[in-house]
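Here is a short briefing to read alongside the model.

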Amino acid sequence: MGEAKRRVDEFRRTSSEVENHLIDELSAGKINRREFVRRGTVLGLSLPALSFIASACGGDDDGSATDATDTTGGGPQAGGTLRTALISPSGALDPLTVGDEGGLAVLGQSGEYLAWSDDQLMLQPRIAESWEPNEDGSVWTFAIRQGVTFHDGTPLTAEDVLATIEYHLGNESNALSALTGALSAGNTKLVDEFTVEFTLDAPNGNFPYLLSSDNYNVIILPKTYQGDWESTFIGTGPWKLDTYTPEVGVTYLKNPDYWDASRVPLADKSEVKFYEEEQARVLALQAGEVDVLSNFSVAGGESLLEDPSVTLIEIQASQHRVIHMRTDMEPFTDKRVRQAMALTLDRQALVDGLFEGRADLGNDSPFAPVFPSTDPSVPQREKDVEQAKQLLQDAGKGGGFSIKLESWQGFEIPDLAVLVQNAAEEIGVKVDLQLTDDGAYYGNFTYGGSRWLDSPFGITDWGHRGVPNVFLGSTLKSEGTYNAPHFKNPEFDQLVADYVAAFDLDSQRALAKQIQELLLEETPAIIPYFYYHLAATKSVAGVEPTGMGHFDLSQAGFVT
Amino acid sequence: MGRFILRRIALALVTLWLLSVIIFVACEVMPGDVARSILGPTAAPETVAALNEKLGTDRPVLVRYGDWMAGIAQGDLGESYAFRRAVDEMIGSALWNSAKLAFLAFLLVVPLGILGGVTAALYRGRSVDRLISVGGLSASAIPEFVWAVTLILVFGIWLDVLPVTAQAPPGSSVLTQVEYLILPALCLVLVLFGYLARMTRAGTAEALDSDYTRTAVLKGLPRRTVIRRHVLRNSLLPTIAVVATQTGYLLGGLVAIELIFNYPGIGRLLVRAADQKDFPLLQGAVLVIGIVYLVATLLADIAYAYLNPRIRYGRAVG
């Protein structure tokens, strides 16, 4: 151990304060090995270094590293054609505007990001070899990998990376939903041929996530890119475009020159087929027309859950539903009324009934159990009808009231709405349901023109994010663009700003605890659960989906 | 006859113009925002506004309608908002796919329906008649998507003899394409057979009861000749009308079947365009389906007139 300790000490001398703090946290047992590695990758430490330190400094493995992939069949074989069912992209395949699961999954096959946010929410270096913040996290420097080439043979340099980021900052890009407020046009700098530097608008401890696959629009494009992705698919990834037939699918060939020899595809070919309907995707897997189903819901794919020929892949994710209550409108101006509503729900029953148990319990804050910064010690809100009735009584609404719950017909929302309705009845609150289509509910997405943002009581669906920043910033902060509960709380705003800037897990978690407690007390919204991302395969192993909807097929192959 | 066709064409043009106004107004009152539905819920408001401006959706209604009409006059249906591809190209390939499915369905159901209807009429009141009439009606009463799922489960998964999607891999031979299209075509046969058989049965029954048939029989003609020359020619008239009206349904109304079998036809395209507020695509598709309907009924009218001397000569006489 003496030699190992000496080497750790040596490593610590050359490490920054932030990095040393992380090592302290591990040694002190504040974080486990998995979280240490996850935080370390965000800070740009290399994986070999991290695992060395982790083993030298103890750090207990919580055993969660057990992989979902079944290796009993002797592992995936090389060769063959993998066939995957994917939901049809809902628009043009343009890195600038893609905003749907089908589109982002297609981009992620042949395109690559600076880093890959994997199924454990860890950042795996891809185009960026490593990255490093300055002392307060306001300037981030990325070292770009050398020896990477685009599919047309052009070598990739830091100029391409810079051009890509500037392209998004300077256009009407969907990536801006995450980058706005973090990085502005003009604050990017080319340091040398393989180094770029970003000066942020405000310190951000999780900035690398914003340039990872989590912000799925920012695949690295050649600097000569002309908006012609759909005809070229030119990226740097393990798969090269073979054919693309709009509305039907894409076929890829393996890229034998891929920069990472350990991730050159096992299969020779990959066919991604587009399916509009979930039912058609599920049937296609059952009938053996595809080998991989990249995503399905419990409600739509129940028959797969019990099928012995199907291998399920379950990934904990942060996708959830928000039941907002307008804090500036009757009957929800009194927080006791909001708390009472939240206390009527039996969350475990919801998770069991709607997802066959494949979801985490929500605690009325966006801090999903999957986020490492979430403080698990904050007590879970449980169903308590007596307390709820008492709270209503105290608020002067002991006789109950009537309220309209608005939402749209999609996912499991209609079922959830009925369950909320039944639960509210127990405390004398009469809920009327108004479920429209998504267009009518979301309207034009601005205050005054959207039932989502204007209704006193509504259910909204949110997709997966690798960090809770968007959920906190745009849906609950006073100035948030999508603050459906119209929640205005200066203390909360400050806590969120501090949280975003923090980059050691200790302080992030301390702030998270305060935010979680504040939201439990104020209850501007009910967040009943965070449901898992489900994928399924048949006779194929090694598929790596992510909660975001990407799937990595490079190490997938047929098993015998 | 020529005047009759001209009048029908003029009427068709007016109908199409009305259709264009209706669909345009319908798109106008649809809730939601175009750029927003393309960019998704998390896009920044400025990004949404910029895209709306780029697409031109922020211009006044009349300007947009005028633009659209001017484009149509030049044979240009515009560009899809979501896919940024030419609308006529997208509709063209979808319509071609739908036509393939419709053709196969007709190829199966028309002879079957006529045979069934005539048989039922000839054996009126007997068990064969009841089997065809009740069986056909029951099959039609079951919605097409129920048939679709049932057929997929039986032939695609349990027996595993037919593909569960209708889209053959690109570059497949005609025979392979037919193999992929059998299940959806079978659904349509089940749905249409009852209707077609019933219409044919009614037409045949009426012809069988008519004076001219009685005369032919009394005249001593063999039964076979009576049926072929006197009954069938008259009884097939309603069948043609049915086929014509179903053409419109097959080329635009097969939303459920196309979705379940994941077939890129015009019905699927239409739903998708409506879902995403892709107005150029939606309006173009509705207009094209309208044209198909009108052309099909026009052709049916002409065929009807040709086969039925009362209509063919009606104008000249009175």
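This is a predicted model: local features need pLDDT of at least 70, side-chain atom pairs count only at pLDDT 80 or more; totals for chains, interfaces and linings use all residues.

Residues are numbered from 1 along each chain as its sequence is written, while chains are lettered from A and ligands numbered from 1 in the order in which they are written. Helices (H or I, at least four residues) and strands (E, at least two) are DSSP runs, numbered from the N terminus.

**The sheet in chain A**

- In chain A, 7 strands make an open sheet with mixed pairing, ordered 8-9-10-1-11-20-12; two strands pair if DSSP finds at least two bridges between them.
- Strand 8 (239-245) and strand 12 (311-315) of chain A are the edge strands, each pairing on one side only.
- From one strand to the next, the twist averages 20 degrees.
- Strand 12 of chain A runs antiparallel to strand 20 (residues 533-537) of chain A, and 5 bridges join them; A:Thr311 has A:Thr537 of strand 20 as its bridge partner.
- Helix 10 (residues 278-286) of chain A lies across strands 1, 10, 11 and 20 of chain A, at about 145 degrees to strand 11. Axes are lines fitted to C-alpha atoms, for helices over the stretch in contact, and angles run from 0 to 180 degrees between N-to-C directions.

**A helix pair in chain A**

- The axes of helix 19 (residues 490-501) and helix 20 (residues 505-522) of chain A come within 9 Å and cross at roughly 155 degrees.
- Helix 19 and helix 20 of chain A are therefore roughly antiparallel to each other (angles over 145 degrees count as such).
- Residues in this contact include A:Phe492 and A:Leu495 of helix 19 and A:Leu511 and A:Ile515 of helix 20; two residues are in contact if their C-beta atoms, placed from the backbone, lie within 7 Å.

**Chain B**

- Chain B has 15 helices and 0 strands.
- Its C-alpha atoms fill a box of roughly 85 × 60 × 35 Å along the principal axes.
- Among contacts in chain B between residues at least 6 apart in sequence, 71% join residues at least 24 apart.

**Where the chains meet**

- Chain A brings 36 residues to the contact and chain B brings 38 residues.
- On the side of chain A that touches chain B, helix 10 of chain A gives the most, with 5 residues.

Technical notes. Angles under 35 degrees count as roughly parallel, over 145 as roughly antiparallel, 65 to 115 as roughly perpendicular and the rest as oblique.
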